[in-house]
Amino acid sequence: MEPAALAIDVEGLTKRFDDKVVVDRFGLQVPRGQIYGFLGPNGSGKTTTIRMLCGLLTPDGGSGTCLGFDILRESASIKRQVGYMTQRFSLYEDLSIAENLEFVGRVYGMADRRRRVDAALGQLGLEKRRGQLAGTLSGGWKQRLALAACLLHDPKLLLLDEPTAGVDPGARREFWEHLHELAHGGMTVLVSKHYMDEAERCHALAYIAYGKLLASGTAQEVVAGANLSTWAIEGEGLAAAAAQLRAAPGADMVVPFGARIHVSGTDAAALAASVARATAPPGLKATPIEPGLEDVFIHLMRSAPEPVSAARQAPG
Amino acid sequence: MAVVAAEASPFTRSLVRSLEASGYFRVVAQPASEAAAESLMAQGEVQFVLHLPAGFSRSLARGERPVVLVEADASDPAATGNALASLQALNLSALDRDLAGPLAHLRASAPAFELRVHRRYNPEGITAYNIVPGLMGVVLTMTMVMMTALAMTRERERGTMENLLATPVRPFEVMAGKIVPYILIGYVQVVVILVAAKLLFRVPMVGSLALLSAILVLFIAANLAVGFTFSTLARNQLQAMQMTFFFFLPSMLLSGFMFPFRGMPGWAQVVGEFLPLTHFLRIVRGILLKGNGWTDIAFEVAALAAFLLAAGAVALTRYRETLD
Ligand SMILES: Nc1ncnc2c1ncn2[C@@H]1O[C@H](COP(=O)(O)OP(=O)(O)O)[C@@H](O)[C@H]1O
Ligand SMILES: [Mg+2]
């Protein structure tokens with residue numbers, strides 16, 4: 001079969017739980033070989049979306065393909081070629097590390113199970129602790145084990161649900177390096193998270209809030225699409241200026257960033273006027289800056305209940 | 001009760017009528033031969049067989065005190081004990097009305113006929129013979145249903161179900177994987193109980209243990225399928241526990257383990273017929289105490305198989321390949 005150019009290609013995915021729309025007409029195109037960041041606040045529907053992609057939940061509406069297989073009818077084929085790492089550790093805590101990997105190997109009916117398990121243990125650096133119970137591992141090691149388990153059957157697409165939550169920064173960096181190696185080898189990775197700090201490590205991003213896709217594309221595209229202008233203000237009397245700006249026209253949001261505040265808005269002229277008024281007292285300094293991803297995402301989330309048409313753009 | 005009457009006369013008819021009037025007996029069969037009566041009792045269709053000898057009226061009239069034989073299925077002494085006790089009182093008065101006129105003198109003296117009771121299968125009426133094999137079924141029901149019900153809900157509670165569902169395993173494979181180990185555990189329990197029954201309680205084991213172990217697979221699998229169904233309904237382990245008891249209590253009360261099956265009200269017997277333990281109890285008691293062979297228990301085995309098919313089908317259709 002001709003491999004489809006898109007690893008994930010879905011349109012209009014909708015999921016309701018007891019009449020509550022959790023994912024609302026979600027569409028996404030992910031090219032092969034990319035690391036695609038899937039961002040959104042807690043409860044925005046990321047896990048639900050990923051579950052629909054790999055056939056664990058049946059969508060109430062919409063259609064699409066995963067690795068060229070129909071997500072509604074061919075979930076058995078999808079499961080064979082997708083590695084899904086759940087948000088919560090979902091291997092058996094009362095089995096040892098090696099037993100967990102062996103179990104996965106058996107479930108996928110691998111002929112060369114021994115070799116693969118040994119190789120995976122070697123890569124993890126866990127040969128000496130193969131008999132240790134998985135439940136006794138620390139967060140970072142659990143994450144590595146879970147990743148090894150879902151890589152065991154050589155999937156073409158990895159779906160990782162908040163894999164770096166509760167993992168220390170060193171392990172996290174290693175983890176990202178590993179993901180880039182895999183993507184370099186042709187694997188597609190969709191990785192979800194609810195904070196922004198690793199967004200730049202992805203080739204492209206999608207941002208979801210309240211079940212709606214608000215923006216997608218590369219970091220630059222997302223920032224440009226938000227059509228946001230931002231000022232950074234610092235100096236004496238910052239609190240008073242912030243209070244004044246919150247009520248001022250044009251300043252859609254005022255966010256403290258350490259010793260500075262970022263003021264952003266979509267109406268550049270009105271914002272500039274308000275900022276000038278607020279920084280009139282001496283000791284305050286305002287500089288126009290390029291909005292960061294974080295500014296854009298906070299802005300998107302705040303204006304989410306009314307979908308921001310300006311931020312919705314062709315997926316990249 | 002079955003009546004094997006070699007003679008039909010006013011005397012035999014009123015004897016049967018007075019037995020029925022006692023409330024303990026009801027004639028359900030009139031087998032033509034002794035052999036047919038024997039197999040009715042072996043299959044548990046009847047609990048008593050009344051044998052009326054040929055020439056009963058004649059020898060009665062002559063004052064020869066003819067012998068009337070009552071065979072009782074004593075494998076459950078509790079079920080037959082009261083009925084047999086009532087026979088003694090009956091003996092004295094059964095034919096009083098018929099013995100009129102010239103035969104009146106037979107009324108006053110000792111009973112006009114001799115009643116002989118044969119307790120079959122368990123002549124000494126030892127209740128342990130009945131309870132210990134039954135206990136095997138009760139213990140299996142309890143543990144097998146609970147273990148599978150908990151095993152699957154634990155997967156869901158711990159989140160490992162999500163991982164399992166994301167792999168290409170089929171529902172049938174999951175069910176088989178969960179059930180097979182417990183069948184082995186069930187066998188271990190059976191061996192322990194049988195050894196205890198033999199050594200501690202000296203329960204007779206007349207029938208074929210090979211036949212019993214073949215049927216055990218069926219019974220254990222039926223209970224596991226129930227447990228599997230519960231696990232698809234329960235949201236957590238506590239609910240799974242409650243469902244287990246919801247199944248276990250009627251099984252214990254209405255299967256004939258606690259109370260003699262025939263002594264229960266009609267609705268309870270109907271419910272009981274739908275429980276696998278009811279049929280298993282008849283089988284295990286039949287094999288161990290009565291030496292039942294394959295043909296005697298064919299109906300009970302078919303009932304177990306039907307239950308297994310139904311429960312397995314429900315379990316498999318209830319099993320979701322998704323988390324919806
Ligand atoms: N099985 C379910 N039944 C009912 N509501 C659910 C279920 N799963 C998720 N939800 C709800 O759907 C929303 C989105 O959840 P989720 O997809 O887990 O978000 P995220 O992964 O982005 O944090 C939440 O409000 C959550 O409460
Ligand atoms: Mg989630």
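This is a predicted model: local features need pLDDT of at least 70, side-chain atom pairs count only at pLDDT 80 or more; totals for chains, interfaces and linings use all residues.
Me: How many residues of chain B are in contact with chain A?
Reply: Contact here requires heavy atoms within 4.5 Å. On the side of chain A, 20 residues meet that condition. On the side of chain B, the number is 18.

Me: What area do chain A and chain B bury between them?
Reply: The size of an interface is often given as the accessible area lost when the parts come together. Carbon and sulfur atoms account for 52% of the area buried here. In chain A, Leu56(A), Lys79(A) and Tyr92(A) lose the most area to chain B, together 30% of what that side buries. For the two chains, the buried area is about 1700 Å².

Me: Which residue of chain A meets Arg158(B) in a salt bridge?
Reply: The rule finds two salt bridges across the interface of chain A and chain B. For the one with Arg158(B), the N to O distance is 3.3 Å, and the cut-off is 4 Å. The partner is Asp94(A).

Me: Which helix supplies the largest share of the side of chain A that touches chain B?
Reply: Across this interface there are eight residue pairs in polar contact. Helix H2 (75-81) and helix H3 (97-107) of chain A each supply at least two residues of the side that touches chain B. By class, that side has 10 nonpolar, four polar and six charged residues. The largest share, three residues, comes from H2(A).

Me: How much of the area of ligand 1 does the protein bury?
Reply: Oxygen atoms of ligand 1 lie 2.9 Å from a polar side-chain atom of Lys20(A) and 3.0 Å from a polar backbone atom of Gly45(A). An N or O atom in the side chain of Thr48(A) is 2.5 Å from an oxygen atom of the ligand. Taken alone, ligand 1 exposes 560 Å². Of that area, the protein buries 64%.

Me: Which element supplies the largest share of the shell around ligand 1?
Reply: The residues around the ligand include Phe17(A), Pro41(A), Lys46(A) and Thr47(A). By class, the shell divides into three nonpolar, six polar and two charged residues. Strand S2 (20-31) and helix H1 (46-53) of chain A each supply at least two of its residues. The largest share, three residues, comes from H1(A).

Me: Which residue meets Lys46(A) in a salt bridge?
Reply: The structure holds 21 salt bridges over all chains. The side chain of Lys46(A) takes part in one of them, with an N to O distance of 3.5 Å. This pair links distant parts of the chain, 116 residues apart: helix H1 of chain A and the loop between strand S7 (157-161) and helix H6 (169-184). The partner, in that loop, is Glu162(A).

Methods: Residues are numbered from 1 along each chain as its sequence is written. Chains are lettered from A and ligands numbered from 1 in the order in which they are written. Side-chain values use heavy atoms; hydrogens and water are left out. Buried area is the accessible area (1.4 Å probe) that two parts lose on being put together, summed over both. A polar contact is a pair of N or O atoms within 3.5 Å; within protein, one must be able to donate a hydrogen and the other to accept it, and residues adjacent in sequence count only if both atoms are side-chain atoms. Helices (H or I, at least four residues) and strands (E, at least two) are DSSP runs, numbered from the N terminus. Ala, Val, Leu, Ile, Met, Phe, Trp, Tyr, Cys and Pro count as nonpolar, Asp, Glu, Lys and Arg as charged, and the others, Gly among them, as polar. A residue is near a molecule or strand if one of its heavy atoms lies within 4 Å of it. Accessible areas come from the Shrake-Rupley method with a 1.4 Å probe; for residues, only the protein chains shown count as cover.
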